[in-house]
Each structure stands twice: as structure tokens, then as C-alpha cells.
Amino acid sequence: MNKAINFVLDLFFPSRCPICRNFIRYDELICEKCIKKLKKYIPENDDILIKINDMFFDKILAGFYYENEVRNGIYSLKDGHKEFGYYLGNILSELILQDELISKSDYIIPVPMSEKSLRVRGYNQADIIAETISVKTGIKMMTDILYKNPSEVQHSLNKTQRMKNVSAYNINNTDLSGMKIIICDDVCTTGSTINRCAELLKNMGAAKVYAAVGTTTKLKRNE
Ligand SMILES: [Zn+2]
């Protein structure tokens, strides 16, 4: 759309920051104040990797720590405002393009939602992030091989239950021999979901499975 039209739209339908709900310009996804408050994930700490015992993915990229403003951004993403998903997609695209191996992936696959949850929300928030990445990086998106069986909502489960609930994910029989695939999700908590998805993809012959998660919880070292 041309800038003049956007400017007029801005006057009549002003956009709001998905985190603080203050008005933002038409060409912004989040206000500058909130962007400054988002805490970037530091790979050197390897918080995600030490949560997992048998690791099936080869490398992980993450945008931010799941806390404070970032948490509000995720809430808004799950509540009909897709801007934070586009923002996370942009950030992860930059990280992917900077990575010599991951940027050469064949496909990006968002972690699926169950049919029932999808009907309730109307969209999968991981799709929003993965779609953005696909557009920015040219890596094709694939949504028809992984699926999630109906089950209890993951977040209502405790950590042990959640570890067991990973069996909720499954895969259609597909030959992925030699493929390099990125699994994409909005939040990584125990790491068990992306690890299960990576296991399923490797079982189908995937050569490499990488993970790109918008946000990750910070691990307390004494857990
Ligand atoms: Zn804001």
C-alpha cells in the first residue's frame, strides 16, 4: 500500500502496540519503548539445551526470554493480535540468515496445534511466526506432516505430565531422507515439544532438524 493511504488509515484506524496498547505508527509492529524492554536470548547460556536429555535437534535459535513484556506479547499473539508474531518472525529470520547451516534448510514446520484448539483460536500462533520466516528467508513452509492429537492443554499440566504428553504429537508417513528442517514455535518451556517433533522428523529420515523459537523460559539452575 502506498504511504499516503497508510497515513490516512493511521488517522482513522490507528494501530496499537500489542504489548502496552499505546498508539504506534502504521509501519511499526511494536512501540520503541517496548522493543527496548524485550530481553534477548543469550545463546552462550544454553538454557534450553540443558533442559533436555536425549536431544534430537541439532541446533536451536531463540529470540527472547519469556518474561515481562515478552510474556504480554505472547498473550496478545494468542488473543487475536498477530503483530508480536510478525515481530518474532522478523527477529528469527535475521538469526536464521546469519547462520550458515540453518539458512540452507529445505523446510520450516510450525509446531502444530490440535484441531480443537485451532477451531477455538482460529489460527496457530506458530504458523504466524513460521510464515513470516518463510517470506523473509525463502525457506518453504510445510504444515501437513506433523499433527497433534486431541489432548489436555499442555499448560494446565505439571512438568512431569507435560513430558509424557509429548506423545500427543505425531507424523504422517513421509520420506524426508536428507532433508534439513526447521521446527518453529512461539514458546519453549521444557523443550520437550520441539524435541519430540525433531524425533519424529528424524524417524522419517531428516538429516538435520533445527529449532527456531520466538521465546524461551529461563532455566533456574537449581531446578
Ligand atoms: Zn509498547
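**Exercise 1. Is Ala207 buried, partly exposed or exposed, and what is its relative accessible area?**

Solution. The model is predicted, so local features are taken only at pLDDT of at least 70 and side-chain atom pairs only at pLDDT 80 or more, while totals for chains, interfaces and linings use all residues. Residues are numbered from 1 along each chain as its sequence is written, and side-chain values use heavy atoms, with hydrogens and water left out.

Step 1: Ala207 is placed in the loop between α8 (192-203) and β9, where helices (H or I, at least four residues) and strands (E, at least two) are DSSP runs numbered from the N terminus.
Step 2: with a relative accessible area of 41%, Ala207 is partly exposed, because buried means under 20%, exposed over 50%, and partly exposed in between (1.4 Å probe, protein chains only).
Step 3: leaving aside neighbours within four places in sequence, Ala207 is in contact (heavy atoms within 4.5 Å) with Asp58, Leu176, Gly178, Met179 and Lys202. Of these, Met179 is 28 residues away in sequence, yet the C-alpha to C-alpha distance to Ala207 is 5.4 Å.

**Exercise 2. Describe the site of the zinc ion.**

Solution. Step 1: the protein donors (N, O and S atoms within 2.8 Å of the metal, or 3.2 Å for Na, K and Ca; water is not among the atoms, so sites may look incomplete) are the SG atoms of Cys17, Cys20, Cys31 and Cys34, at 2.3 to 2.4 Å from the zinc ion.
Step 2: along the chain these donors follow the spacing C-x2-C-x10-C-x2-C.
Step 3: the angles among the 4 donor atoms run from 103 to 116°, and the site is tetrahedral, since four donors count as such if all angles lie between 85 and 135 degrees.
Step 4: Cys17 counts as buried because its relative accessibility is 0%, whereas Cys20, at 31%, is partly exposed.

**Exercise 3. Which residues touch the most other members of the largest nonpolar core, and where does this core lie?**

Solution. Step 1: a nonpolar core is a set of buried Ala, Val, Leu, Ile, Met, Phe, Trp, Tyr and Cys residues joined through side-chain atoms within 4.5 Å. Of the 32 residues in the largest one, Ile30, Leu38, Phe84, Ile96 and Ile182 touch the most other members.
Step 2: α4 gives the most to this core, with 6 residues.
Step 3: the core lies between domain 1 (1-37) and domain 2 (38-216), because both give residues to it; the domain bounds come from an automatic or database assignment.
Step 4: Phe84, for its part, touches residues including Pro18, Ile19, Ile30 and Leu38.

Note on methods:
Four donors count as tetrahedral if all angles lie between 85 and 135 degrees; four count as square planar and six as octahedral if opposite donors are over 155 degrees apart and all others between 65 and 115; anything else is irregular.
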